[in-house]
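Please keep the sequence and the model in view while reading.

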Amino acid sequence: MRMIFSEFHSIGSVYHCLYFFSSLSFVVSFMFNYSAESPPPFINFSNISKTVPQTPNTSISSDIDVVAEFLKIVAQFEQNKENCKAGQYDLGEGVIKQYGKNRFKQQALVAVNRANLLTRLWKEAEPEVLNSEYLFFTQVRNFVEGDDEIFAAGNCYDYMEFKDYYLFCPYAYRMEDGRINVKDLSVEYDYLGNTSEFFYSAKVNAGKLENFNFTNGTAQPRYNQSMHGDVINDSVITVTYENGHWSKPYFDCGGGDIWMMTYTVPFFGYKNGTFKFKGTSGIDIALDKVDIDQCPQPEDATEPNVFAGSARCKPETTKCEPLRGLGFKRGSYKCVCKDGFYFPFYDQDHLEKYFNGSEIENEYEKKMKGVENKYDDLYAFQCFMCEPGCITCDDPSPCVLTLNWIMRSILLAISILILCGIPLLVWFTVQYRDVKVLKAASPVLMRIILLGAFFLYCPLIVGYFEASVVTCILRFWFREIGFSISYGALLLKTWRISVVFRVRSAQRVKISDGDLIKRLLLITLVCAAYLTARTIAGTPRVVEGKHVNGLKTYQCSSDWWDHSAAIAELLFLLWGVRLCIVVRKAPSEFNESRFISWAIYNETLLSLFLNVSMIFLQDPFPANPDLMYLVIFIHTQLTTTVTLTFLFGSKMYLVYKYREKGESNGTHTTMLNKSSKSTFNAKQSINMGSAHSNNVNCYTYTDRHEDNECDSLLEKDIQEEFRRLYTQLETLKQRNMKIGNRHLQHKLSAMTEAAQKESPKSSPSSTPLLNGKRVIINLDLFKESSPL
C-alpha cells in the first residue's frame, strides 16, 4: 500500500483531483443505480484506493469520504445477498491484504500442504484413486472441519483436467446454521478467464516451473510381509507459501455469498515426463473474521492501512480505539475520552465509558444526507473536561486540593497591615534622628534593618498565590536577601559593641556606620551570588504532592540548595549568639544590646523550628500548602515583627514619654540628651553603668562631625562624677556634725578647703585630661548647690 501511495503522490495534484472526482462520480452513480431489483455490477476499486492518501490522524478529509463510501457499499452488498449476481465483486487491490498475510498465514499453509499432496497423487496414484470424486470432496470438507478460521476450501481444476468434465471444483463452505456443505462450484460459477483472480493468478504463476522447488528423495514400497522392495527415486515439484496468492476482497455470489478473500496456490499434474498446471488448492477467509481499523494509524506502523483515519470520533475531546471481532464493516471502533476528559454519562446505568462507532457512523451518514442528526449537536459524542490538574478522571470530582483562600486572605491582610508600618518607622527614624536614643542606635543602620524587614515580609505576599516557578524563585530571593540585610545589620552592630567593649586601652576605637555598611554590602553580595547560582543551576520547580485526603497538591520543591541556605543561616545566627554572649555585660544606656540579643536568640530558635517543620510538610509526608503558608506567617510574625518591636518599641516609648513631659513643663524635649541618673538617690552601679555606656557610645561614634559632641558628653560625665563625690562629702560632714564628732568634721572641712584652694595652674598633673585637653573642675559651684 505504501508503494501505491508513493505512486499517487508522484502523479501530482492535477491527477489527484482527476482521480478523486472520477472516483466520486462513480460512487454517486452506483448509489443511484443500485437497488434490490437490480443486482450490482462488477466493481473495481483499484483506482479508488489510489485516491486515499494517508491523512493526519486528527482530521477527516474529503479523500477519506471515499473510504466511507467504500465501506457503505460493503454494507449494502451484505444487505442484498439474495439479489447479487454470481461471481466476484472486486473491492480493490491491497485494501486489506495485510490482514490476510499477517493473521491467516497458518490457514494458508494448510492449502500449501494440500496442493503438494494433490501433486503427488496426480503423479503416482492409481487411476481408481484419481477417479474417486468422493476422495476429493472429502478432502475439502476436511479442510473446513479442521480449522474454524477457514470459511471455505476448494480444489478447482483447469479445463478438462478431471475426467471429461469441462470444469471440476470440489468446494466446502460453512452455512449460516454452522453446518458444512460440499458442492461442485463449477456448476454455478465459471471461474476460467482473467476475471476470477483466485484462479487466473495461480495459473499464470504456475506457467514458470523454474520458480518452484523440486523435492528429491527415495521410496521403499513393501515387497511382502517381511521385506521391502527395491528403492525407487522420487522427485516431485513442491510449492511454498510464497508461491501462493491472496486475492482482493470480493463478494462471492453463488459461492459463500459473503465478503471474503481467497488464498490459492497451484498444484500440478504429471504427463509425458513433465509437470504442468493442474488446478488450484485454496481457502476462503470470511471477512467477518477480519477487523477493519478506521482509527488513525500509529507512527510506528509497518503495514499501510487505507482505512486509517476514517473514524468519525471528534478529535477535540475523544480518541479512536478499534474494536476487535466485529468484522468487515464500518463503525468497528469506539471513541474514548482523551486524557483530561471524562465520559459524560458516569452513572451506573452506563457501564461502557465510550461512544459506539456504529452509532456515530449512522449519525454522520444522516448529516451527509442533510437530515436531522445528533452528530452536529454541540455536546454530542463529546467528553467533558476534567477539573484542573486531573490527568485522567471518571467524573467532575476535583483532583487538586482547593486552597483555603479565606484563611490565606486574612493572613495576607494582616501581613500587609504590618508591612504598612515600616514607612512609619522610617519616618520616625528621620523625624527624631537628633534625639540621643536614636543617635545611640545609628539611624542609618536602623533604616537598613527596616529595608531587610520589608523583604522578609514579601514571601507572604508571593506565597499567597498558587505555586509556580516564578513565585518559588521570588520567595527564595526575598527570604535570603531580607535575612542577609536585616540580621546582617543587627549582627554587625553587635560586633561593633563587642570590639569596643573588649578594648582595654585609653585609645578610642573608630568603627563608623560607613564601615559597617561596607561589611553589610559584602555579605549581601555573597548572598546574591549564591541566589543567582541557584536560580540558574538549580531553578526551583513546582512538585506534586498528596494531601491526606488523596487530592494532589502543588508546592515549591525543597532540595539541597534550600538545605544549604538553611544551614548557612543557622551558622550565621550562631555567630551572632556568640557575639551576644560576649557583650551581655557591656553597659548600654538604652538597653539596645539586650534587645538585639533577644532578637537574635529568638530568630535562631524559630528558624531551627521552621526548617524542621518544613521537612514534614514535604514529600513523602502528606503535603498541605495552606498549613505551610500558615507556618511561614507565624514564623515571620514571631521573628521579624518581634525584632522590630524590640528595636523600635522601646525607642518610641522613650521618645514620646519624655516629649510629653517636656511639653507639660513648657520646655523643649532635651531630656533624652542628658543622663537621667544624676541624682544622689540613684544607685552607684547604675551611675557607673550610665557613664560607661556614654563612653562606649562615644567610642563607637567616630564620624568627624560628632567628635566635638562626644568630647562634650565625656566632659559632662566627669563633671557629674565630681558633683556626686562632693555631694557625698558634704552629706558625711553634716552627719558627723549631728553626732558630735567634731574631730572628723574638722578633717572633712580641711579636705574640702584644700580642694577649693587647689589651683589648676599650680597643679596641672592633678587635673584630669580628656583626649589631651585639661578639664577644669570648679568645686565652688558644687559647694553652692550642696544642701547645708
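Axes here are lines fitted to C-alpha atoms, and the angle between them runs from 0 to 180 degrees between N-to-C directions. The model is predicted. In it, helix H6 spans residues 105–124 and helix H8 spans residues 133–145; their axes come within 11 Å and cross at roughly 165°. Angles over 145 degrees count as roughly antiparallel, and H6 and H8 are therefore roughly antiparallel to each other. Their crossing is right-handed.

The contact between these helices involves Val 110, Ala 111, Arg 114, Leu 117, Leu 118, Leu 121 and Trp 122 on the H6 side, which meet Phe 136, Gln 139, Val 140, Asn 142 and Phe 143 of H8. Sorted by class, the contact of H6 with H8 comprises 9 nonpolar, 2 polar and 1 charged residues.

A second pair is formed by helix H11 (residues 405–419) and helix H12 (residues 421–431), whose axes come within 4 Å and cross at roughly 10°. Because of this angle, H11 is roughly parallel to H12. Here Leu 417, Ile 418 and Leu 419 of H11 meet Gly 421, Ile 422 and Pro 423 of H12. The contact of H11 with H12 contains 5 nonpolar residues, 1 polar residue and no charged ones.

In soluble globular proteins, nonpolar side chains tend to be buried together. The largest nonpolar core of this model has 63 residues, and those touching the most other members are Trp 122, Phe 151, Tyr 157, Tyr 191, Trp 246, Tyr 263 and Ile 283. Another core, of 38 residues, lies apart from it and includes Leu 425, Tyr 457, Ile 600 and Leu 647.

Methods:
Residues numbered from 1 in each chain as written. Predicted model: local features only at pLDDT ≥ 70, side-chain atom pairs only at ≥ 80, totals over all residues. Heavy atoms only, no water. Helix = DSSP H or I, 4+ residues; strand = E, 2+ residues; numbered from the N terminus. Parallel < 35°, antiparallel > 145°, perpendicular 65-115°, else oblique. Contact = heavy atoms within 4.5 Å. Nonpolar A, V, L, I, M, F, W, Y, C, P; charged D, E, K, R; others polar. Core = buried A, V, L, I, M, F, W, Y, C linked by side-chain atoms within 4.5 Å. Buried < 20%, exposed > 50% of the residue type's maximum accessible area, 1.4 Å probe, protein only. Left-handed = near helix turned anticlockwise from the far one by under 90°.
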